[in-house]
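Visitor: I'd like to learn how to read a model like this one. Could you walk me through it?

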Amino acid sequence: GGTGDTITGMLSALRYMNIQGADYKALVLNRLIGELIKCNPATQISEFIKAIPGALEKYEKNIL
């Protein structure tokens with residue numbers, strides 16, 4: 001798994017929830033999460049998942 005897997009998962013969830021701009025939001029969230037956890041090839045998906053709430057909060061405060 002890699003970046004494509006995480007974006008696909010988030011995009012699927014956002015589209016399921018009928019979120020407008022789901023494509024853009026999934027891409028931005030993926031980048032924010034990577035920055036928050038200082039993602040590298042050894043990063044575990046559990047670290048990524050734990051960072052989703054913080055990234056969503058940052059997205060909502062800075063983008064919307």
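**Reading the fold**

Guide: Along the sequence, the chain runs as α-α-α-α. In the tally of elements, that is four helices and zero strands, where helices (H or I, at least four residues) and strands (E, at least two) are DSSP runs numbered from the N terminus. The radius of gyration is 11 Å, close to the 11 Å that the globule rule gives for 64 residues, so the chain is as compact as a globular protein of that length. That radius is taken over C-alpha atoms, and the rule is 2.2 Å times the number of residues to the power 0.38.

Guide: A word on ground rules: this is a predicted model, so local features need pLDDT of at least 70 and side-chain atom pairs count only at pLDDT 80 or more, while totals for chains, interfaces and linings use all residues. Residues are numbered from 1 along each chain as its sequence is written, and side-chain values use heavy atoms, with hydrogens and water left out.

Visitor: What box do the C-alpha atoms of the chain fill?

Guide: Roughly 35 × 25 × 15 Å, taken along the principal axes.

Visitor: How many of the 64 residues count as buried, as a percentage?

Guide: Buried means under 20% relative accessible area, exposed means over 50%, and partly exposed is in between (1.4 Å probe, protein chains only). Here 30% of the 64 residues count as buried. The accessible surface of the chain is about 4,600 Å², with 57% of it belonging to carbon and sulfur atoms; such areas come from the Shrake-Rupley method with a 1.4 Å probe, and for residues only the protein chains shown count as cover.

Visitor: And what about contacts between residues at least 6 apart in sequence?

Guide: Contact means heavy atoms within 4.5 Å. Of the contacts in that class, 35% join residues at least 24 apart.

Visitor: Which residues does Leu29 contact, leaving aside its neighbours within four places in sequence?

Guide: Leu29 lies in helix α2 and is buried, with a relative accessible area of 3%. With those neighbours set aside, Leu29 is in contact with Met10, Leu14, Ala55, Leu56 and Tyr59.

Visitor: Is Ala51 buried or exposed?

Guide: Ala51 has 10% relative accessibility, so it counts as buried. Ala51 is in the loop between α3 and α4 (52–62). Beyond four places in sequence, Ala51 is in contact with Ile33, Leu36 and Ile37. Its C-alpha is 21 Å from that of Gly21, which is 30 residues away along the chain.

Visitor: Where does Leu11 lie?

Guide: In helix α1. Not counting residues up to four places away in sequence, Leu11 touches Ala22, Asp23 and Ala26.

Visitor: What does the side chain of Asn30 make a polar contact with?

Guide: A polar contact is a pair of N or O atoms within 3.5 Å; within protein, one must be able to donate a hydrogen and the other to accept it, and residues adjacent in sequence count only if both atoms are side-chain atoms. The side chain of Asn30 pairs this way with the side chain of Thr6, at 2.6 Å. Asn30 itself is in helix α2 and counts as buried at 11% relative accessibility.

Guide: Thr43 gives you a backbone case: its side chain reaches the backbone nitrogen of Asn40 at 2.8 Å. Thr43 lies in the loop between α2 (22–37) and α3 (45–50) and counts as buried at 17% relative accessibility. Setting aside neighbours within four places, Thr43 is in contact with Ile37 and Lys38.

Visitor: What is phi of Lys38 near?

Guide: As background, most residues other than glycine have a negative phi. Lys38 has phi near 50 degrees, a positive value in a residue other than glycine. Lys38 sits in the loop between α2 and α3 and counts as exposed at 65% relative accessibility.

Guide: Now try Asn18: phi is near 55 degrees, again a positive value in a residue other than glycine. Asn18 lies in the loop between α1 (3–16) and α2, and at 67% relative accessibility Asn18 counts as exposed.
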